[in-house]
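Hi there,

Here is the structure I promised to pass on to you. Have a look at it first, and then read my notes below.

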Amino acid sequence: SGAPPYDPRMMLKVLLFAYSTGVTSSREVERRCRRDVAFRWLSGNQTPDYRSLARFRRRHLEVLPGLFAQVLGVCAQAGLVSLGRVALDGTKLHAAASKHKAMSYDRIVPKISELQAEVDALLAEAEQVDRAEDAEHGPDRRGDEIPQELARRRGRLAKLRAAKEQIEADAAERAAAAEREKARSKGNSHQDTEQAAAQAGAKAQPKPEAQRNFTDPQARIMKTNHGFDYAFNAQASVDEDHQVVLAAQVTQQATDVQQFEAMMTQTAGSLAAAGIEQAPSVVLVDAGYCSESNLAAAEGMPSTVLIATGRQRHNETFPTGVADGPPPQEASRREQMAHLLRTREGHADYARRKAIVEPVFGQMKTRQNAGRLRLRGLVGAQGEWLLHALVHNLRKLRNAKMAGIAPA
């Protein structure tokens, strides 16, 4: 029947405390439960092994959104969520994958043929050995084991084929998305837009240098502070007053431009799940999110959205200095947003963006060791980023209580 399971409340306490102190390795958590007084007190002198800790973390990823909403609701009750200014930004998290365990598209295609030839030769050799061993040992004795080198090559061949198909699917998806955005900007109908996107996806060809990682196939090469590496793009919306995270999401897309509407929806859903009916007054977003579709979506939102417009393009008219009065009626959406950012109120609001969201990323990466993920795959990365976000909110709640800002 096996041993009785560990109390999930104890496991959760140990996991949250470990992440709040930057201990994300399950093996290190096991060592702390044996040697560290705080961990031993939380675990009741129990010492769960690292496999139990890792399986508990992976098994319960689906309940983390509900736990995050509960923590956010407690922060709101303590007066830590004001929803005056809210900043949205993204940061890169290193994936649990090595750049040396990857292969580009132009190497995968010939490698598949090479490995297939090796597999065929090994199969022929194995069949010949089988016949010889059957003749030597008789039909009642085994002699048909698959050679170990054949099993390795078969597994490698399956991984290469899966990587090739995924690279081709990614190329088709990017081409379809680009064609869809182009058709929408021309005002084409939905049917024409989707037809053009489908045709572009069917004609798309992967770039020879496009890579896929075999350790974590869902990670993507992205530019990080330490050069190009396999990573995920983590998004977060943060409240101004106490830097409480309102929503957290992970994506495989290196750029932020396609995450604006998804993160605004995610923020509204997190607030509703936490029992907060109020919408943010002002949402501050950097130039990485600026696009025609995002500017159009911002117009229909209950919050005032300020999106940095970036560099001035040809034939655009941006105001110089402080802008007074409404923008010209014939101005484009980008020009209207640039005008809004240069008003006294808009300038004062947007000047707070970095001070709201950037310290949160710094605190989580430094204090909680959140810059490098432990779990692989998009689901694992999303769950671990959400775990880091709710632990960050718990730390903010604790600090506010110790400072007398929030009720004990």
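Let me start with a term you will need: a residue counts as buried under 20% relative accessible area, as exposed over 50%, and as partly exposed in between (1.4 Å probe, protein chains only). Please keep in mind that this is a predicted model, where local features need pLDDT of at least 70 and side-chain atom pairs count only at pLDDT 80 or more, while totals for chains, interfaces and linings use all residues. Residues are numbered from 1 along each chain as its sequence is written, and side-chain values use heavy atoms, with hydrogens and water left out.

Salt bridges

A salt bridge here is a side-chain nitrogen of Lys or Arg within 4 Å of a carboxyl oxygen of Asp or Glu. The structure holds 11 of these salt bridges.

One of them joins R34 and E30, at 3.5 Å from N to O. Both residues sit in helix α2 (residues 26–35), 4 residues apart, which is about one turn of the helix. (Helices are DSSP runs of H or I with at least four residues, strands are runs of E with at least two, and both are numbered from the N terminus.) R34 is partly exposed, at 47% relative accessibility, whereas E30 is buried at 15%.

Another pairs D349 with R85, at 2.8 Å from N to O. D349 belongs to helix α12 (residues 344–350) and R85 to strand β1 (residues 85–94), so this pair ties together parts that are 264 residues apart in sequence. D349 is buried at 9% relative accessibility, and R85 is partly exposed at 22%.

A further salt bridge links R333 and E292, whose closest N and O atoms are 2.9 Å apart. It connects distant parts of the chain, with R333 in helix α11 (residues 333–341) and E292 in helix α10 (residues 292–299), 41 residues apart. Salt bridges that share partners also join R85, E240, D349 and R352 into one network.

How do the axes of helix α13 (residues 353–367) and helix α14 (residues 377–402) cross? They come within 11 Å and cross at roughly 100 degrees. Axes are lines fitted to C-alpha atoms, for helices over the stretch in contact, and angles run from 0 to 180 degrees between N-to-C directions. That makes α13 roughly perpendicular to α14, a label used for 65 to 115 degrees (under 35 is roughly parallel, over 145 roughly antiparallel, the rest oblique).

Happy exploring!
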